[in-house]
Amino acid sequence: TTGVDVLTVPFMDAKVMSLFTSTEALGIPDGSWDVTIGTLSIPEMGTFMARGMIRDIRPQRFYDLVQLMGLSHGKNVWVGNAQDLIRQGICDITEVIGCRDSIMTALIQFGLSSKMSFDIMERVRKGRGISTEQETAMRENKVPDWYIESCKKISYMFPKAHAVAYAITALR
């Protein structure tokens with residue numbers, strides 16, 4: 001053991017966050033091993049898919065980890081959707097649809113009514129896409145095309161509360 005009392009490590013410890021971009025905090029110099037991030041033993045972060053997502057996203061903040069959890073637990077949310085948007089530079093991790101709650105809050109910010117935003121979120125999170133009326137309202141409120149198309153692709157969305165709990169567990 002390292003002699004570190006894990007209960008005294010600050011929630012957003014810089015060394016812990018560095019595991020998402022490097023292996024140096026583990027005492028493994030970058031480039032000395034074929035693994036480039038130090039998340040192999042972190043809950044929900046060690047799978048091949050999660051490590052690929054981490055390399056694409058390069059999480060820097062807690063919110064990035066929440067998004068990562070939502071993206072990795074949804075269906076048709078990452079592959080063929082958010083991953084392509086990020087890789088093409090259309091948007092970044094803070095803008096993609098990662099958790100179902102984010103749909104409602106983003107649409108309210110675009111100017112849609114709370115009711116319409118909620119109804120869209122409910123349809124999208126259940127994989128039912130959006131209605132013609134909802135798409136028209138989104139376009140009238142200048143919701144970007146990529147966002148509308150992303151909503152149409154999603155089959156299941158993870159709730160933000162669960163994503164937050166998973167992110168906290170990973171950091172601890």
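Helices and strands are here DSSP runs, a helix having at least four residues and a strand at least two, numbered from the N terminus. By that definition this predicted model contains 9 helices and 0 strands. Read along the sequence, the pattern is α-α-α-α-α-α-α-α-α. Taken along the principal axes, the C-alpha atoms fill a box of roughly 60 × 30 × 20 Å. The protein has 172 residues, and 43% of them count as buried. Among contacts with a separation of 6 or more, residues 24 or more positions apart account for 57%.

Helix H4, residues 78-87, shows how burial is arranged on one helix. Its buried residues are Trp 78, Asn 81, Ala 82, Gln 83, Leu 85 and Ile 86. These residues lie on the same side of H4 because they cover an arc of only 155 degrees around the axis. Val 79 and Arg 87, on the other side of H4, are exposed. The cover over the buried residues of H4 includes helix H2 (48-57), helix H3 (62-73) and helix H8 (145-153). After H4 comes Gly 89, with a positive phi near 75 degrees.

Two packed helices are described by the angle between their axes and the distance between the axes. For H3 and helix H9 (residues 160-171), the axes come within 8 Å and cross at roughly 115 degrees. The crossing of H3 with H9 is right-handed. On the H3 side the contact is made by Phe 62, Tyr 63, Leu 65, Val 66, Met 69, Gly 70 and His 73. H9 contributes Lys 160, Ala 163, Val 164, Tyr 166, Ala 167, Ile 168, Ala 170 and Leu 171. By type, the residues of this contact are 12 nonpolar, 2 polar and 1 charged.

The next topic is the aromatic rings. The whole structure holds 3 aromatic pairs. In one of them, Trp 146 and Tyr 147 have ring centres 5.5 Å apart and planes at 65 degrees; planes over 60 degrees apart count as edge-to-face, so this pair is edge-to-face. Phe 158 and Tyr 166 also form an edge-to-face pair, at 5.5 Å centre to centre with 70 degrees between the planes. Ring pairs also join Phe 110 to Trp 146 and Tyr 147 in a cluster.

How accessible are the residues that carry these rings? The cut-off for buried is under 20% relative accessible area, and partly exposed runs from there up to the exposed class, over 50%. Tyr 147, at 3% relative accessibility, therefore counts as buried. Phe 158 counts as buried too, because its relative accessibility is 8%. Its partner Tyr 166 has a relative accessible area of 30%, so Tyr 166 is partly exposed.

Glu 135 lies in helix H7, residues 132-140. Glu 135 has 18% relative accessibility and so counts as buried. Leaving aside residues up to four places away in sequence, Glu 135 touches Ile 130, Ile 148 and Lys 152. Between the C-alpha atoms of Glu 135 and Gly 89 the separation is 24 Å, and the two residues are 46 residues apart along the chain.

Conventions. Residues numbered from 1 in each chain as written. Predicted model: local features only at pLDDT ≥ 70, side-chain atom pairs only at ≥ 80, totals over all residues. Heavy atoms only, no water. Buried < 20%, exposed > 50% of the residue type's maximum accessible area, 1.4 Å probe, protein only. Arc of directions from axis to C-beta. Contact = heavy atoms within 4.5 Å. Phe/Tyr/Trp six-rings, centres within 6.5 Å; stacked < 30°, edge-to-face > 60°. Axes fitted to C-alpha atoms, helices over the stretch in contact; angles between N-to-C directions. Left-handed = near helix turned anticlockwise from the far one by under 90°. Nonpolar A, V, L, I, M, F, W, Y, C, P; charged D, E, K, R; others polar.
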